[in-house]
Amino acid sequence: MIFHVIKYTIISNLRDIKSIVSYIVFPIILIGILGSALSLVFEPGQLPEIKAGIVMNDQGGLAEILQDNLTEGELNDIIAVKEFDSLEDAKTAIKNDEIEFFYEIPEGIDDREPLEKVEVKLWTSNTSSIQSTVGEIVLDTNLNAFNTIDALANNESMLRSYEYRNYIVNETISSKENRPGAIGFYSVTMMVMALIYGSAIAAKEYELSMHGDIGNRLQVTSISTTALLLAKVLSSVILVFLQGIIVFLVSKFAFNANWGDNFSLVILTIFLGALMSVLFGIAICVIVGNPERIGGLLTVLIPVMTFISGGFTSTAIGGILAKITPNYQLQNTILAIVYDYGSDRVQGGLLSIMAIILVLLAITIIFGRRRRA
Amino acid sequence: MSEVILAVNDVTKSYGDNKALKGMSLELKSGEILGLLGPNGAGKSTLINCICGLLKPDSGNLKMFDLDLKDDRQLIEARAKMGVVPQEIALVEELSAYENCMYIGGLYGLKGGELKDSVEEALNFVDLWDRRKDRPGKYSGGMKRRLNIACGLVHKPTLLLMDEPTVGVDPQSRNYILESVRQLNDEGTTVIYSSHYMEEVEALCDHIVIMDLGETVAEGTFSSLIAEVNDTETINISLAKPIDDTKVLAEIDSIPGVTNVENNGTELSVISERGNNNFNEIIAKLGEFKQDFTSIDLARVSLEDVFLDKTGKKLRD
């Protein structure tokens with residue numbers, strides 16, 4: 001009889017167009033809208049390569065060090081510096097829009113007296129640009145460092161040379177490959193929202209099996225209440241799991257969303273999410289006792305929970321409130337799986353979801369028994 | 001002698017301070033149609049819900065075929081022989097009529113060919129087989145009621161509990177439903193029929209229990225209930241013209257069995273003891289005095305009068 005109930009529950013829900021639109025189509029549309037509209041928020045800005053020049057009027061050791069600092073290393077990634085033979089050539093290059101700016105290294109850097117000033121010039125076009133500002137910042141930074149070392153060398157009679165040391169430890173948090181873009185992010189959070197909508201389906205099925213006219217009709221048949229409830233929970237889990245899989249597949253193939261490589265783990269998490277969501281809906285029903293309006297209430301509350309858990313904005317805005325939403329743990333675990341945030345986070349997330357499932361199951365059993373008593 | 005298939009003994013049920021059933025007792029014999037008659041709030045639905053196990057009685061015993069309906073395991077066994085037609089339309093809107101019956105039939109343990117045959121039989125019985133593929137949303141109110149009934153009898157129950165099955169239906173559908181109940185009963189189904197329409201109960205039921213405020217106020221056959229409360233009958237006569245000679249009133253009053261005569265213009269009411277068969281004599285006296293009449297009506301005592309007599313209030317108050 002349990003399979004009989006599951007069969008007809010699934011058939012009737014698949015024909016409920018209003019619910020399908022709310023629980024599946026709506027999240028898919030939101031992936032498209034939010035993924036397109038907010039893509040710039042998620043994509044790191046690409047600074048175009050800056051074309052610059054340098055005119056070396058001094059060929060001494062310190063001038064060469066300064067030249068190296070201005071033109072080599074990581075700066076090469078953003079500034080391409082071309083050496084010009086004369087000041088006039090460099091000026092012509094600016095006029096012809098071949099470069100944005102150039103550095104002019106003066107003569108006599110090595111030969112100057114202690115504390116004697118020499119000027120390094122930055123030549124730019126008369127139209128201010130972000131590229132010129134970048135050049136100014138780079139030059140300022142280098143000259144400050146150069147002056148500091150020069151001053152130390154003079155004061156302590158040290159040799160007028162220094163060794164460039166990088167004291168900044170640069171650790172990558174995420175690379176281009178494992179940082180979610182807008183479509184990828186919203187595919188996860190909207191799929192989670194679709195899963196959490198399952199709590200409304202579960203509340204409706206609980207109402208239909210335990211209360212109301214149809215519930216009464218089912219309860220006067222030969223199926224026991226426990227078997228009926230179990231059948232309704234299983235059918236809800238199947239339906240919600242299907243919802244999650246549909247959103248997953250549509251986002252993957254229609255929006256080309258990144259779901260990582262570990263599909264089996266993603267699908268397992270979707271299943272756990274479906275179970276958690278169904279138990280969440282039923283737990284609320286057994287606690288409140290009057291499930292008549294719970295389904296409608298959840299339909300309104302779920303987008304709100306998605307919002308405060310950071311599902312729409314990428315940042316949880318509800319503090320502790322965000323963390324107690326069913327969305328939070330689920331979406332963070334799936335993001336950790338898809339974007340490879342480390343096995344510790346994935347395991348921790350999955351264990352947390354399973355713990356929540358057990359707590360919800362305990363609540364359902366305890367309150368359910370009290371209700372029946 | 002018919003077998004007692006349902007025994008309700010001193011059953012009580014309260015909702016907080018409201019005592020919905022105050023020690024209800026009744027026996028139902030195989031093949032009977034038992035009518036539960038009473039106003040809204042009399043406790044009819046509560047009694048039916050206690051019988052089918054939707055409600056647990058606070059005290060008392062309920063037995064069906066020696067199965068204790070207060071025991072969960074025995075209740076489930078009894079439910080296989082019990083069909084329920086609830087007062088509300090209890091149908092799944094997203095399923096067709098056929099699927100609704102299949103769904104409910106399967107929950108009574110029917111499977112495969114047996115289930116399909118039973119569903120076909122039930123839908124034919126309520127004349128909805130041709131519309132089996134339609135969902136309830138496409139049905140009229142009367143058709144929904146009929147489908148509601150089909151779902152209740154798809155597993156061919158021995159006892160059918162019908163809780164106000166004609167509420168809100170058109171006269172044509174009501175007649176259809178009443179005919180169906182008669183037919184089911186003729187085929188051997190025992191029926192408990194709850195209603196606040198006395199005409200339905202009067203027309204259908206062999207055994208009537210009149211309820212009010214959670215208890216039985218009268219019980220018996222229709223004729224025994226009528227006899228119990230009133231031994232007079234009223235003959236209402238509309239005269240062609242007002243009475244010229246008041247002597248005719250004295251003449252009618254002197255007929256054996258007549259207890260009172262009232263005249264108001266062309267309206268004449270004669271109250272007589274029941275069973276005197278003095279109807280013809282009254283007509284003859286009018287003829288003697290050349291008093292023509294346009295209509296004559298023997299006002300029968302109804303279950304309404306029984307209820308009024310027992311409770312001091314009208315059934316539809």
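Helix α7 (residues 182-196) and helix α8 (residues 198-210) of chain A pack with their axes 4 Å apart, at an angle of about 10°. This angle makes α7(A) roughly parallel to α8(A), a class that covers angles under 35 degrees, while those over 145 are roughly antiparallel, 65 to 115 roughly perpendicular and the rest oblique. Axes are lines fitted to C-alpha atoms, for helices over the stretch in contact, and angles run from 0 to 180 degrees between N-to-C directions. Helices (H or I, at least four residues) and strands (E, at least two) are DSSP runs numbered from the N terminus.

The model is predicted; local features need pLDDT of at least 70 and side-chain atom pairs pLDDT 80 or more, whereas totals for chains, interfaces and linings use all residues. Residues are numbered from 1 along each chain as its sequence is written, chains are lettered from A and ligands numbered from 1 in the order written, and side-chain values use heavy atoms, without hydrogens and water.

In the α7(A) to α8(A) contact (heavy atoms within 4.5 Å), A:A194, A:L195 and A:I196 meet A:G198, A:S199 and A:A200. By class, this contact has four nonpolar, two polar and no charged residues. Ala, Val, Leu, Ile, Met, Phe, Trp, Tyr, Cys and Pro count as nonpolar, Asp, Glu, Lys and Arg as charged, and the others, Gly among them, as polar.

Helix α9 (residues 212-219) of chain A crosses α8(A) at roughly 55°, and the two axes come within 5 Å. That makes α8(A) oblique to α9(A). From α8(A), residues A:E207, A:L208, A:S209 and A:M210 meet A:G212, A:I214, A:G215, A:L218 and A:Q219 of α9(A). The residues of this contact divide into four nonpolar, four polar and one charged.

The table gives chain totals; buried means under 20% relative accessible area, exposed over 50% and partly exposed in between (1.4 Å probe, protein chains only).

| Chain | Secondary structure | Buried residues |
|---|---|---|
| A | 15 helices, four strands | 46% of 373 residues |
| B | 11 helices, 14 strands | 49% of 317 residues |

The C-alpha atoms of chain B fill a box of roughly 80 × 45 × 40 Å along the principal axes.

In chain B, B:H196 lies in the loop between β8 (190-195) and α7 (198-204). B:H196 counts as buried, because its relative accessibility is 16%. Its side chain joins that of B:E164 in a polar contact of 2.7 Å; such a contact is a pair of N or O atoms within 3.5 Å, and within protein one must be able to donate a hydrogen and the other to accept it, with residues adjacent in sequence counting only if both atoms are side-chain atoms.
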